[in-house]
Amino acid sequence: MNLVAVVPAAGGVGATTLAAHLAVSLARKRRLGAAVDLCPGNALRLHLGMDWQDAAGLATQIAAGHPWSDGAYVSSGGVPFLPFGQTGREDGGARLAAWLETQPGGLGGCLEQIRLQPEGILLADAPRMPWQLTRQALARADLAILVAAPDAASYAGLPALLEGVAAAGCAEARVVINGFDPRRDLDRDMALLLANDPGLDLAPVMVHRDEAVREALACKQTVFDYAPSSQAAYDFEALATWVVARLGHRSRQAA
Amino acid sequence: MSAPADGWQRWLVAAGIEPGRPWPQRLAALVLRPPAAAGLATLAGLFPQVNFRRPRLADPLRILLQLLWLGLVRPPARRPAASCRPIPWRAPLAAIPARLARGWSRLEAAVGSQPGRLRRFAAAEGRLGFWDRAALRYAAYALAAILALLCISTPFSTLAQAVFVGLLWSIALVIRRVPGPVATLFLIVLSVTASSRYLWWRVSSTLNWDIAVDFLWGTVLLAAEVYTWLILVLGYFQTAWPLKRQPAPLPEDTSRWPGVDVFIPTYNEPLKVVKPTVFAAQGIDWPADKVNIYLLDDGRRDEFRHFAEEAGIGYIVRPDNRHAKAGNLNHALTRTSGEYIAIFDCDHIPTRSFLQMTMGWFLRDDKLALVQTPHHFFSPDPFERNLGLFRRVPNEGELFYGLIQDGNDLWNATFFCGSCAVIKRRPLEEIGGIAVETVTEDAHTALKLQRRGYNTAYISVPQAAGLATESLSAHIGQRIRWARGMAQIFRLDNPYLGKGLSLAQRICYSNAMLHFLNGGPRLVFLTAPLAFLLFHAYVIYAPALSVALYVLPHMVHASLTNSRMQGGHRHSFWAEVYETVLAWYIFRPTTVALFNPGKGKFNVTAKGGLVDRNYFDWGITWPYLALVLANLAGFAAGVGRLAWGPADEIPTTLLNLFWTGYNVLLLGAAISVASEARQVRLSHRVRLDLPAIVHLPGGKLLPCRTEDFSEGGAAFALPAEAAPALARDAEVVVSLWRGREEHAFPARVVAAADSRLRVRWELFDAEQERRLVQCTFARADAWVSWADGRHRDRPLAGLREVLAMGLTGYRRLAEHGAPLAAPLLGRVGPALRWSASLLPRWPATYRQETT
């Protein structure tokens, strides 16, 4: 199983959206994509059509003392996913992290128990806060996707994030621009800046700002169902293809 | 299914019923069909030319003819459906090459069974190096020359000549199937043999010395034929083995890349034409501190000065306009200092890769002074527009840029073509700048450079594109200038004389110049048959059968060989049309220039205009109309001679009638070009498939592909299921890419129907115009796949097309000249189609399996 950690460079850059769409796109490619939500916001499930009222998930299962694997769902599109769960507590993330550290192998050890096929790809929607959770995911991840908006906040947040990723022991980190709008001068400038920055590796695919994404979420769908011929669907598809190629390249190098 | 044997079975097959089945099943198949299909489908299958739902008056006749046809004519043999297309052997000759091929493979097997001997021979040759010894080599040349002379000059009886040309032709048909340049060389040898033999025969035995008139006519025709032969042979030499030079890579370290000045000379062209060129030049990939762009404005216009300032490029003017473009460039040479100079006519939009594709060779070869790239045109020239050939048939210039320049490059004789080229400053200054003695300064400059021992190179990848001449008169004006200039160089700086050139270079240059003298010979060919038909002069003093036996091989082999060599760049017989159109107009200036090279001035080629209505250019056509009338008179006289003349002259009359008929149709094609078709828009739409995004009102994005684009707008193919409902004039934004940079361009909807969206740009500043040019016209790959989807040349198809174009010419002539007669003439087409609809044809069941 390959683990891909999706980490935002700043708040509100759309990392959860991107993780959900990557998982669905990979599943559509018969690459056995799956997703796990590590964000206390518990928003991933909404993209995958889970009932708003349903509070089940990783954190709630553990808090209730049940086996955490019972909190897993399969979306109507056939994507297995594990929501964070509606804990209703501010420190839900920290408590989960603390519990995971008591387990053999930490988060990585738990995720290993998910019997995904060897070529399967598990997307972990990792939060910036609490960092302990993200660090555990990164320690096991084969690839970290750092989601950045083409703006100054993301650009400012990237160096610290890259340091953290390296410290956590993740082998490879790539920056993906999300919400790019070529009509805005700043977007084009930031894209050029990121592309030419020797300190970071920019993925060759960027995701456009497309109203179809927001509308899809309002319908609790992904753009693949809501607007399959939209640019966003095209971009997520391309990104998924790039992820598969990237992981294949890495595994060949390892072999 | 097995092939049916007799008539009624053929009917069954035609009706879609298996004849091999037992009778009851066949009956059942006839009867037990879906009710509506039963009768109609069977009949429709049998009679494809009859529409039973809408019967017409002549249908009984059609049915009768079809029944007779099906009953009497053997159907084509069925072949099993193959996954690949079979080679289309010419039907009557199918057996011969097939048998020859079998013989060949047997021969190969025989040779192949003794590989040891062959290999020993090859090894011995390599070890001894026979070919490296000059004496042996020249002995071989001499032997070949003697044999060739024998082959050309031995007089044959009519029968012997028939056998000889038959053999030549059979060999050519087999060789033609073999790919590769060696087989081409072989075909050239055959063609030169046939043509030389013809010419020898013409000189030695077809001139009538006894009758002065015959002799005079005969000599004039012979002179024209000698010229044609010379151009043919020199052309073969020039293009026998095109070099197909690849771009040389540049060093990794950009600090070693040399400095380049980009010159964009302009005189009277509107700013609208110049802007895209400047914008594209600013996007050329080269270190910014090593490239300077200059607008050389001989019009000294304030508008241009402001534009240059705004765009941040250099602006150079001079006090006078001496020597036109050449003088303009030479003046700019004194004001700049870059090591290399790239020159673009003001309407040639360079691609971003231009310098990286061309500069590599300069760094490899210190003596290299010039790298030329093709002139590519994204708008149709008058031939393409008025004949409807655009992107279907290679245009007039493609032969030169696709083949001749590549052939020249092998002999280190690439010409400078005035634009889309890079010249090294030092050699250029050594020869005193761009040549000013003639009106074709470009070719003359290259000649001067090469006399100094400098090399020139050609890279056959379109790296810039521009507008073709708009109207036929402008086109002819441009060609007159070229023809006059070439004749001037031939007189003033003859490539056969003077120092510094290799023999091959002399041949290549002189061929380019001689080529423009074709006006006179072409006029001779257009009138030669009249000498006999009208004046009863035997211009070729020989029996018609002999003429056919000598002249047909000459023409057939030349067509065959040229089709193979040039097929990708010029379709067969189109050269005849191009030359016919120009013949009258270049005949006079070239003749004048040959006698008095000082006369003649430089005229600028007008571009970027608009033919705003349909019209017929009578002023240009009158020489051709006169020739047509003369030929028609000759034709009438010939028909009279057939009816009332002596019987022994009938073959000669027929031959001349055939020739006149061909001339009339060729002239018709020339006339057809003069019928100017109206142009609808000022900016030309270029068909190109690029990725794009349409930003819809409301923030949704739709990925799509461009269908075409222009400076004014673009069309997109949208996914049918997601085509949005867009009102006319709705505001959208379109994303296009320049490499990996994405740029957005505001636009308004012109039309949105089904899966097609057409917009016009609403750009608000120069920066956006620059980006648009760089995302479209200046893309590195913009012109690479231009010729995709074109048919391969087939000589007979070319002939048919040219002759059909001739008929079209007369129809258009009637439409414009005699509008009252036009309706009558308009009936001819439908009448022919109606007659054709009576003809029987093979039912679908046969057609599907046999095509």
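Guide: We begin with pLDDT, which is the predictor's confidence in each residue, on a scale from 0 to 100. This is a predicted model, in which local features need pLDDT of at least 70 and side-chain atom pairs count only at pLDDT 80 or more, while totals for chains, interfaces and linings use all residues. Residues are numbered from 1 along each chain as its sequence is written, and chains are lettered from A in the order in which they are written.

Visitor: How do you know what confidence chain B has on average?

Guide: Chain B averages a pLDDT of 84, and 83% of the residues score at least 70. Over residues 1-5 of chain B, however, the pLDDT is below 50.

Visitor: What makes Leu146(A) touch other residues?

Guide: Two residues are in contact if their C-beta atoms, placed from the backbone, lie within 7 Å. Not counting residues up to four places away in sequence, Leu146(A) touches several residues, among them Val7(A), Leu158(A) and Val175(A).

Visitor: Which chains are in contact, and through how many residues?

Guide: In the model, 11 residues of chain A are in contact with 16 residues of chain B. The helix α11(A) gives the most to the side of chain A that touches chain B, with 3 residues; helices here are DSSP runs (H or I, at least four residues), numbered from the N terminus.

Visitor: Which scores does the model as a whole have?

Guide: The model scores ipTM 0.91 and pTM 0.81.

Key: Helices (H or I, at least four residues) and strands (E, at least two) are DSSP runs, numbered from the N terminus.
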